[in-house]
Amino acid sequence: MLDIFQYAFMQKAFLVGMLLAIIIPLIGVIVVLKRLSMIGDALSHTSLAGVALGLILGIHPIVGAVLVCVMAAFSIEAIRKSLPKYAEISISIIMSVGIGLASVLSGFIENGAAFNSFLFGSIVAITNTEVILVVIVTLIVVVTFILLYKELMFITFDEPGAVLAGIPVKKINFVITLLTAITVSVAARSVGALIVSSLMVIPVACAMQLAKSYRQTVLFSVAFAMLFTVVGLFLSYYWNLKPGGTIVLTGVVVLVPLMIAKRER
């Protein structure tokens with residue numbers, strides 16, 4: 001079975017897959033525990049508008065996706081703060097705008113195949129430049145998460161209490177919002193804009209069935225994401241399936257028994 005590693009494109013796919021399996025759950029833990037799990041959906045759909053804009057303007061699609069995702073993420077945060085009792089409305093509004101823009105702008109793209117590759121991703125066709133970009137983003141996210149670990153945990157569970165404790169909540173939320181947008185944009189190229197939000201939630205959901213603490217939830221989430229990625233890439237290679245979708249379905253196959261077992265227990 002190890003003949004899969006004799007191909008350079010599969011080596012890059014596993015490298016990028018493992019790196020994304022680290023950073024997506026790290027962001028996912030914060031998003032899920034803050035009850036904003038749908039933010040991944042909103043940003044991933046909005047990233048498609050950025051991809052379309054980049055293709056139209058002749059710039060790299062990932063650059064367009066990052067710019068639009070960053071604006072969308074901060075718009076969600078602004079609306080959420082202005083309507084604290086209806087925070088989920090902010091996600092619905094931005095997702096609607098993103099889907100609308102992506103739909104309209106896609107009509108002006110001459111190379112439809114380039115745009116479609118972002119819908120479900122193409123982890124086996126990423127370039128060396130994109131690999132380097134993923135490595136850089138991974139380093140930034142991991143270092144930030146480690147340095148702000150205690151503050152993030154406090155803010156995640158009790159944001160008002162964190163403010164009273166003197167934690168710079170606004171600055172930290174700014175950083176996390178920025179990293180979430182960048183992570184979703186970069187991951188959309190590899191695993192697909194329509195799939196990245198699932199990878200942000202499913203490993204965390206699996207971890208929550210077993211974990212007994214915040215630290216365990218983080219570690220188990222990363223472990224599950226890595227497991228799903230490895231199994232998904234193997235299955236997609238040998239069964240000729242789409243990698244992104246196979247990784248997500250692998251996660252679902254694991255999540256369902258875990259939920260049933262926890263309920264029975």
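The lining of the largest cavity comprises eight nonpolar, four polar and three charged residues. This is a predicted model, where local features need pLDDT of at least 70, side-chain atom pairs count only at pLDDT 80 or more, and totals for chains, interfaces and linings use all residues. Residues are numbered from 1 along each chain as its sequence is written, and side-chain values use heavy atoms, without hydrogens and water.

Let's look inside. The structure has two cavities of 30 Å³ or more; a cavity is a set of points on a 1 Å grid over the protein atoms alone where a 1.4 Å probe fits but cannot get out, and lining residues have an atom within 4 Å of a point.

| Cavity | Volume | Element giving the most to the lining |
|---|---|---|
| Largest | about 190 Å³ | α9, four residues |

Now to the loops. F108 sits between α4 (87–106) and α5 (112–120), while N240 lies between α11 (214–239) and α12 (243–264). F108 counts as exposed because its relative accessibility is 60%, and N240 is exposed too, at 71%; exposed means over 50% relative accessible area (1.4 Å probe, protein chains only). N240 also has a positive phi of about 60°, although it is not a glycine. Most residues other than glycine have a negative phi.

How values were computed
Helix = DSSP H or I, 4+ residues; strand = E, 2+ residues; numbered from the N terminus. Buried < 20%, exposed > 50% of the residue type's maximum accessible area, 1.4 Å probe, protein only. 1 Å grid on protein atoms, 1.4 Å probe; cavity = no way out; pocket = protein on both sides within 12 Å on 5 of 7 lines; lining within 4 Å. Points joined across faces, edges and corners; volume = space filled by probe spheres on them. Nonpolar A, V, L, I, M, F, W, Y, C, P; charged D, E, K, R; others polar.
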